[in-house]
Amino acid sequence: MHSAAPAARSGPVTVALVGAEFGWGSSGKLSAVLSALRDRSTPPLRFVGMASGLGRPLLAEHTVDGWYDLPDDPGRLAPAVREFVRSQGVRAAVVVLDGAAARALLALGVPTVFVDSLPFLWSEGDRASLPLDATVYCAQKSVELPPECLAVLADARALRWVEAVIAQPRASEPERGSRRGAGRPYRSALISLGGLRAPSLVEPEHYPRLVVPAALEALAAYGIEEVHIAGNLPGDLAGRLVDSSIAPPRTTAGPLGHGAFLERLDACDVLLTSPGLTTLLEAGGLNVPTVCLPPQNLSQIFNGRYHSQALGARLRVLWPKEVLVEDEALALRSEGEDHALERIYGAIGAAARGDDRHGVGHALRDGVLDALRRSADVGEWDALTTAVGTGGAAQVADALLGVLDAADPLS
């Protein structure tokens, strides 16, 4: 535990921040909500973090008094959360996608705003993992909502649909669309890989070993001169993959904080990304041409499909059918997300270890090249973001302020 002493009752109201340990999307959403709170007239607030170990660097620009690590053993979760709430004087919480933490906080009577950025994913097999009794259940709007998810969310006690929970684009650049018009050549690219750290993902290196060399080779063949590889890649893997690949002449790699990532994203000509929803929505908000790399988990199958559907063009790269048939993985979600993830992770791992991994790489390279060529005919890139709106961070911030007002924690 690394934290300041808990605030006195007469001081700021302490709010807990929690993001799921699954890629960086949750922390990006927490960052957007904190930015929205900063723009509002609020009571004095003090923020403390629980879990969210992977995404803490993304929140470095915000004032968070300390972070409390949760135990890996689910049986020890409840007492650990109880001690956290007691020692830090927690009066409310904002939780993104971590259902277990949200349920533990609610069981202690902590008013909790739960942010569900993947409501389209759930089926009856996921019901028990969702905090449907959250004080406010903020479900992010989607371009499509399967009936099975609506049946589950119908039981959320205080369901509130919100727009995309993303950082707002800077208002100082209204000319973005014009400088990225259809047919303009690409010279710089950004590769973003998130989601590589997840509880049930044993070998996070398998996906980038297959995808990064293929993406670099495709970018080089397309004439890209400069590329940066960002994301939560394990160790020095990115550098090793660059050294062993045919890559554009100026290729760099390294993680970026949320603000730095948005700046790099805004400056590039084209984004190649594993289709995490937050990244796709942020790229749309900046009108950045975007190609979806193959999905690495269940939600990314949906995200890539929704992205291409909204833009009316095939802008995503599929796994070769001998690696993964998406519909087969989707069929497993009726038993819960974990069953589908097991199939997806297993397929990627088998391909990375298999004798035909070079053939898989060649197929992916060709897929990236095809998507890049198709992308040149797209004029505007904000269709997905426009479909779901961009005001979600402000709406979640308002939900938290309403919860604090109703709870009157200083009474």
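A residue counts as buried when its relative accessible area is under 20%, and as exposed when that area is over 50%. Keep that pair of cut-offs in mind for the views below, which show a predicted model.

**View 1. The whole chain, before zooming in.** The protein chain has 411 residues, and 57% of them count as buried. Its secondary structure comes to 15 helices and 12 strands. Take the contacts between residues at least 6 apart in sequence: 72% of these join residues at least 24 apart. Residues 1-9 are a stretch to read with care: their pLDDT is below 50, although the model gives them 25 contacts beyond near neighbours in sequence. Residues 174-179 also have a pLDDT below 50, with 12 contacts of that kind in the model.

**View 2. Cysteines tucked inside.** Start with cysteine 149: its relative accessibility is 0%, which is under 20%, so this residue is buried. Cysteine 292 is buried too, because its relative accessible area of 1% falls under that 20% cut-off. How many disulfides does the structure hold? The count is zero.

**View 3. The largest nonpolar core.** This core holds 96 residues. Which of them touch the most other members? They are Leu105, Tyr137, Ile191, Leu210, Leu272, Leu293 and Trp319. Among the contributors to the core, helix 6 (residues 206-222) gives the most, with nine residues. Zoom in on isoleucine 191 and, leaving out residues up to four places away in sequence, you will find it touching Ala215, Leu216, Leu219, Val227, His228, Ile229, Ala230, Leu272 and Leu293. Another core lies apart from this one; it has 31 residues, including Val13, Ala32, Leu45 and Val96.

**View 4. Histidine 62 meets arginine 38.** Histidine 62 sits in the loop between strand 2 (45-51) and strand 3 (67-68), while arginine 38 belongs to helix 1 (residues 25-38). What links the two side chains? A polar contact of 3.4 Å joins them. Arginine 38 comes out as exposed, because its relative accessible area of 52% is over the 50% cut-off. Setting aside neighbours within four places in sequence, histidine 62 is in contact with Ser31, Leu34, Ser35 and Arg38. With residues up to four places away left out, arginine 38 touches Glu61 and His62. Now look for alanine 397: it is 359 residues from arginine 38 along the chain, yet their C-alpha atoms are separated by 9.5 Å.

**View 5. Arginine 365 and its polar partner.** You can find arginine 365 in helix 13 (residues 357-375). Its side chain makes a polar contact of 3.0 Å with the side chain of glutamate 217. Not counting residues up to four places away in sequence, arginine 365 touches Ala214, Glu217 and Ala218.

**View 6. Helix 10 and its surroundings.** Helix 10 (residues 298-311) is 14 residues long. From its first C-alpha to its last it reaches 21 Å, close to the 20 Å expected at 1.5 Å a residue. Why call this helix largely enclosed by the rest of the structure? Because 11 of its 14 residues are buried. Those buried residues are Leu298, Ser299, Gln300, Ile301, Phe302, Asn303, Gly304, Tyr306, His307, Ser308 and Leu311. They pack against helix 9 (277-285), strand 12 (290-292), helix 11 (326-331), helix 12 (337-353) and helix 14 (383-388). Just past the end of helix 10 comes glycine 312, with a positive phi of about 70°.

**View 7. Alanine 340 up close.** Alanine 340 is part of helix 12. Its relative accessibility is 0%, under the 20% cut-off, so it counts as buried. What does it touch, once residues up to four places away in sequence are left out? The list is Leu298, Ala329, Leu332 and Arg333. Leu298 has turned up already, as one of the buried residues of helix 10. For a sense of spacing, pick out glutamate 328: it lies 12 residues from alanine 340 along the chain, and the two C-alpha atoms are separated by 8.6 Å.

Key: Residues are numbered from 1 along each chain as its sequence is written. This is a predicted model: local features need pLDDT of at least 70, side-chain atom pairs count only at pLDDT 80 or more; totals for chains, interfaces and linings use all residues. Side-chain values use heavy atoms; hydrogens and water are left out. A disulfide is a pair of cysteine sulfur atoms within 2.5 Å. Buried means under 20% relative accessible area, exposed over 50%, partly exposed in between (1.4 Å probe, protein chains only). pLDDT is the predictor's confidence in each residue, from 0 to 100. Contact means heavy atoms within 4.5 Å. Helices (H or I, at least four residues) and strands (E, at least two) are DSSP runs, numbered from the N terminus. A polar contact is a pair of N or O atoms within 3.5 Å; within protein, one must be able to donate a hydrogen and the other to accept it, and residues adjacent in sequence count only if both atoms are side-chain atoms. A nonpolar core is a set of buried Ala, Val, Leu, Ile, Met, Phe, Trp, Tyr and Cys residues joined through side-chain atoms within 4.5 Å. The expected span of a helix is 1.5 Å times one less than its number of residues.
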